[in-house]
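The questions below ask for the grounds behind each label put on this model. Each reply sets a value against its criterion.

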Amino acid sequence: MMRTTVAIIGAGPAGLLLARLLDVAGVDSVVLESRDRAYVERRQRAGILEQGTADALRAAGAGDRMDREGLPHTGIELRYDRRRHRVDFPSLTGGRSVLVYAQTEVCKDLIALRLRTGGPLLFGAEALAVEETGTQRPRVRYRHQGRERVIECAYVAGCDGFWGVSRKAVPPALSRTYERTYPFAWLGVLADVPPSHDELVYARHDRGFALLSQRSPTVSRLYLQVPEHTDAAEWSETDVWDELERRTETDDGWRLKRGPITAASVTPMRSYVHEPMRHGRLFLAGDAAHIVPPTGAKGLNLAVGDVVTLARALVAHHATGDPAGLDAYSATCLRRVWQAERFSYAMTAMLHRHPDATPFDDRLQLARLDRIATTRSAEADLAEAYTGLSVD
Ligand SMILES: Cc1cc2nc3c(=O)[nH]c(=O)nc-3n(C[C@H](O)[C@H](O)[C@H](O)COP(=O)(O)OP(=O)(O)OC[C@H]3O[C@@H](n4cnc5c(N)ncnc54)[C@H](O)[C@@H]3O)c2cc1C
């Protein structure tokens, strides 16, 4: 049987950053990841880092490449009614901005650091169950290299995403879940073409939402609202470009740049919170505890916020026995989580077309967008939430 102080389940951004923060503090840990390294490093997901997230990565010694290659963005553009409105973050938030740096790159940087300087990170190691969470010595059962094994530890960090096993270790009688699903999804494509606009474009259109995002000066990331359960294969490259063009067209001659599409996938939309985020010595972090629809770009940032809070609490408890941080962990994170849920829901509702939408609903959406475009307090509210819910 293997022994460690913190057993971390999952090598997404939450598990990897937690492992790094513990390495830096001299607390030993083992990371179990069910997939292989190549899969984890290629999985296309988020790309917007709030300032607090970027600062947390820098403080963890994982910011060098991010600072060289990440693209600072000081605003976003809202498009509706063939018009555009730019939301300027620094002037509305006292100087804040965001960084465009893909989740794949964050994960690559953290994996490289861990393998070079940290404790064990086992790929192809699938956690099967978390046990004895109510005791001082919880255990994780897992399968690695065809054999079932056990890790005994002082704490378990459940960082295994929405479909992981950690959350199931909380007895149903103690769990409260809050959920909303949406009757639409995002078709996301990667394309080898420079971005058509230097900032992200969030477009509301009668045919549905579109988002023009980017991964680098030569790679665009683009999204279309599609009905839920859509198969990405139903969309030809031409269909994707034509539809993006329709939904983002303006009256001022702006043009969408087209290029070869290298990947396409469909992301379902969901809002979900599991309370509490702690059960005994098991701590849930990131998507294992909560999901937001991607419209607010909050999922990765919330995962980072959780593990910054958790690392501090674990290090303090391990060093001094002071339980205050661990006792406050769930409530501290949930305050931030619910603010992100509120913002992500509001952005989703303002920009997506519900299949049952009436002309009245359409007018309300346009009125909301107009309010942001013409009222500084409404615009500042969006800018503040977009650039950062404080990490701690
Ligand atoms: C398809 C998709 C697209 C997204 N797009 C965006 C976006 O555009 N913008 C945005 O802000 N957010 C987006 N998100 C959300 C964002 O990527 C997540 O919030 C973020 O990945 C959360 O990090 P995490 O570490 O908590 O979970 P994850 O990144 O899900 O990591 C969990 C890890 O645990 C591993 N695992 C699962 N079960 C086990 C097990 N039993 N044993 C061992 N390991 C296990 C998984 O393989 C995975 O590596 C997207 C999410 C998805 C799923």
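**Labels and their grounds**

Q: Where is Pro-276 found?
A: In this predicted model, Pro-276 is in the loop between strand S18 (261–275) and S19.

Q: What makes the peptide bond from Glu-275 to Pro-276 cis?
A: Its omega is near -10°, and the bond is cis.

Q: How do you know how exposed Ala-373 is?
A: With 16 other C-beta atoms within 10 Å, Ala-373 is partly exposed, because that class covers values between the limits of 12 and 20. Ala-373 is a residue of helix H10 (residues 359–374).

Q: Which residues does Ala-373 touch, not counting residues up to four places away in sequence?
A: Ala-373 touches Leu-78 and His-85. Contact requires C-beta atoms, placed from the backbone, within 7 Å. For Ala-373 and His-85, 288 residues apart along the chain, the C-alpha separation is 6.2 Å.

Q: Why is S17 described as largely enclosed by the rest of the structure?
A: Burial needs 20 or more other C-beta atoms within 10 Å. Seven of the nine residues of S17 are buried, and therefore the strand is largely enclosed.

Q: How many bridges join S16 to S17?
A: Six bridges join strand S16 (residues 210–216) to S17, and the two run antiparallel. Leu-224 of S17 is the bridge partner of Ala-210. S16 and S17 form a hairpin with two residues between them.

Q: Why are S7 and S21 called edge strands?
A: The open sheet has eight strands in the order S7-S6-S15-S16-S17-S14-S18-S21, with mixed pairing. Strand S7 (83–88) and strand S21 (290–291) each pair on one side only.

Q: What makes S9 and S19 edge strands?
A: A six-strand open sheet, also mixed in its pairing, has the order S9-S3-S2-S13-S20-S19. Strand S9 (121–123) and strand S19 (278–279) each pair on one side only.

Q: In what sense do S2 and S13 run, and over how many bridges?
A: Strand S2 (residues 6–9) and strand S13 (residues 155–158) run parallel and are joined by four bridges. Ile-8 has Ala-157 of S13 as its bridge partner.

Q: How does the reach of H8 compare with the expected span?
A: Helix H8 (residues 299–320) has 22 residues and reaches 32 Å from its first C-alpha to its last, close to the 32 Å expected at 1.5 Å a residue.

Q: What makes H8 mostly covered?
A: Of its 22 residues, 16 are buried. H8 is followed by Gly-321, whose phi is positive, near 80°.

Q: How do you know whether the radius of gyration of the protein chain agrees with that of a compact globule?
A: A compact globule with 392 residues would have a radius of gyration near 21 Å; the protein chain has 21 Å, so the value agrees. The C-alpha atoms fill a box of roughly 65 × 40 × 40 Å along the principal axes.

Q: How many residues of each domain are in contact with the other?
A: Nine residues of domain 1 are in contact with 12 residues of domain 2. By class, the side of domain 1 that touches domain 2 has three nonpolar, four polar and two charged residues. The centres of the two domains, taken over C-alpha atoms, are separated by 30 Å.

Technical notes:
Residues are numbered from 1 along each chain as its sequence is written. This is a predicted model: local features need pLDDT of at least 70, side-chain atom pairs count only at pLDDT 80 or more; totals for chains, interfaces and linings use all residues. Domain bounds come from an automatic or database domain assignment. Two residues are in contact if their C-beta atoms, placed from the backbone, lie within 7 Å. Ala, Val, Leu, Ile, Met, Phe, Trp, Tyr, Cys and Pro count as nonpolar, Asp, Glu, Lys and Arg as charged, and the others, Gly among them, as polar. The expected span of a helix is 1.5 Å times one less than its number of residues. The radius of gyration is taken over C-alpha atoms; the globule rule is 2.2 Å times the number of residues to the power 0.38. Two strands pair if DSSP finds at least two bridges between them.
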